[in-house]
Structure formats: C-alpha cells, structure tokens
Amino acid sequence: RAEVGRLPDVDSAMDEIALLLQHTESYERFVRHAVDEVNKARVLRREQKLEELRKRRAAEERKHIERGGGGAGGGNGPDEEERARRDEERRREEEEELAHTKALEVLPAHTPLNEVVAEVGGYYSGLE
C-alpha cells in the first residue's frame, strides 16, 4: 500500500498511462502511414516522368523518321549506330530514374519509442 499509494490515485495514474500509450501508438501509426503515402506518391511521380520521357522520345523518333532520317538505307550505317546509341541512353536514363525511387525510411522498423511503449505497457498490464 505504501509503495503504490491510494487506490483512486493509482486508478487515475493508470488511466493517464493508458491514454499516453494509446496516443503514442496512434501517432506512430499515423507517421508510418504518412511515410507510406509519400513513398507511393514518389513512385507514381517517377512512373509518370518515365512515361512522359518515353512519349517525348517516341515523338522525336517519329519526327526523325518523317524527315527521312531512318529506315531507308539498312545495314549498320550512321542511322543504325545513332539508334543504338539512343536506345542505350534511354535504358541508362530509365535505370537512373528508377534508382531514385527508393522508399524513404523516416522511422526504422524498431525504435527506442517502441521499447519504451512496450516497457510501460508491460508495467501497465502488471498493475492492472
């Protein structure tokens, strides 16, 4: 009795601890959800950029062909070398764009906050 105190005081402290645990866990879930949404948006933005880049290159390729710059000679002439160079450049740029799409890690999977919440939660369960 002397270690813990009076029952109404303990009950009040327990309610405050429970509320603190709930808010902490809720806040962590919110932050993780927000980071997930930002990561999804980043991936979508990168995909849109790549799609725009592909469309622009296809339009440039069509213009090049319409101007008479492609397809007529055959063989490994300058047009074939130019096309191979452009294709390689495209692949490299797309790989570079995708490399920048790594997910952000704002909160690691396990944080000191998790440890404290688990510890306080354990004490709470023991007292309850």
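Me: What makes Asn114 count as buried?
Reply: Asn114 has a relative accessible area of 19%. Buried means under 20%, exposed means over 50%, and partly exposed lies in between (1.4 Å probe, protein chains only), so Asn114 is buried. This is a predicted model, in which local features need pLDDT of at least 70 and side-chain atom pairs count only at pLDDT 80 or more, while totals for chains, interfaces and linings use all residues. Residues are numbered from 1 along each chain as its sequence is written, and side-chain values use heavy atoms, with hydrogens and water left out.

Me: Which residues does Asn114 touch?
Reply: Setting aside residues up to four places away in sequence, Asn114 touches Glu28, Arg32 and Ala109. A contact means heavy atoms within 4.5 Å. Asn114 itself lies in helix H3, residues 112-127. Asn114 and Thr24 are 90 residues apart in sequence, yet their C-alpha atoms are 9.2 Å apart in space.

Me: Why are Glu28 and Arg32 said to form a salt bridge?
Reply: The N to O distance between their side chains is 2.8 Å. A salt bridge is a side-chain nitrogen of Lys or Arg within 4 Å of a carboxyl oxygen of Asp or Glu, so Glu28 and Arg32 qualify. Side chains of opposite charge can pair when their charged atoms come close. Being four residues apart in helix H1, Glu28 and Arg32 are separated by about one helical turn. Glu28 is buried at 14% relative accessible area, whereas Arg32 is partly exposed at 26%.

Me: How many salt bridges does the structure hold?
Reply: The structure holds four. One of them joins Lys40 and Glu37 at 3.4 Å, N to O. Lys40 and Glu37 are three residues apart in helix H1, about one turn of the helix. Lys40 is partly exposed at 48% relative accessibility, and Glu37 is partly exposed at 36%.

Me: How do you know that Glu51 and Arg54 also form a salt bridge?
Reply: Their closest N and O atoms are 3.6 Å apart, and that falls within the limit for a salt bridge. Glu51 and Arg54 both belong to helix H1, three residues apart, about one turn. Glu51 has 37% relative accessibility, so Glu51 is partly exposed, and Arg54 is partly exposed at 38%.

Me: How do you know that Arg57 is buried?
Reply: The relative accessibility of Arg57 is 9%, which is under the limit for buried. Arg57 is placed in helix H1. Leaving aside neighbours within four places in sequence, Arg57 is in contact with Glu89, Arg90 and Glu93.

Me: Why is H1 called a helix, and how far does H1 reach?
Reply: Helices (H or I, at least four residues) and strands (E, at least two) are DSSP runs, numbered from the N terminus. Just after H1, Gly68 takes a positive phi of about 90°. The protein has three helices and zero strands, and the elements run α-α-α from the N terminus on.

Me: What makes a set of residues here a nonpolar core?
Reply: A nonpolar core is a set of buried Ala, Val, Leu, Ile, Met, Phe, Trp, Tyr and Cys residues joined through side-chain atoms within 4.5 Å. The largest one here has six residues: Val10, Met14, Ala18, Leu21, Val117 and Tyr124. H1 and H3 are the elements that give two or more residues to this core, and the largest share, four residues, comes from H1. Apart from residues up to four places away in sequence, Val117 touches Leu21, Thr24 and Glu25.

Me: Why are Val38, Leu104 and Val106 called a patch?
Reply: Patches are made of residues with over 30% relative accessible area and no salt bridge, with like charges joined within 9 Å and nonpolar side chains (Val, Leu, Ile, Met, Phe, Trp, Tyr) within 5 Å. Val38 lies in helix H1 and is partly exposed at 40% relative accessibility, so Val38 passes the accessibility cut-off. Together, Val38, Leu104 and Val106 form a nonpolar surface patch with about 240 Å² of accessible area. Such areas come from the Shrake-Rupley method with a 1.4 Å probe; for residues, only the protein chains shown count as cover.

Me: What share of the residues is buried in the protein?
Reply: Buried residues make up 19% of the 128 residues.
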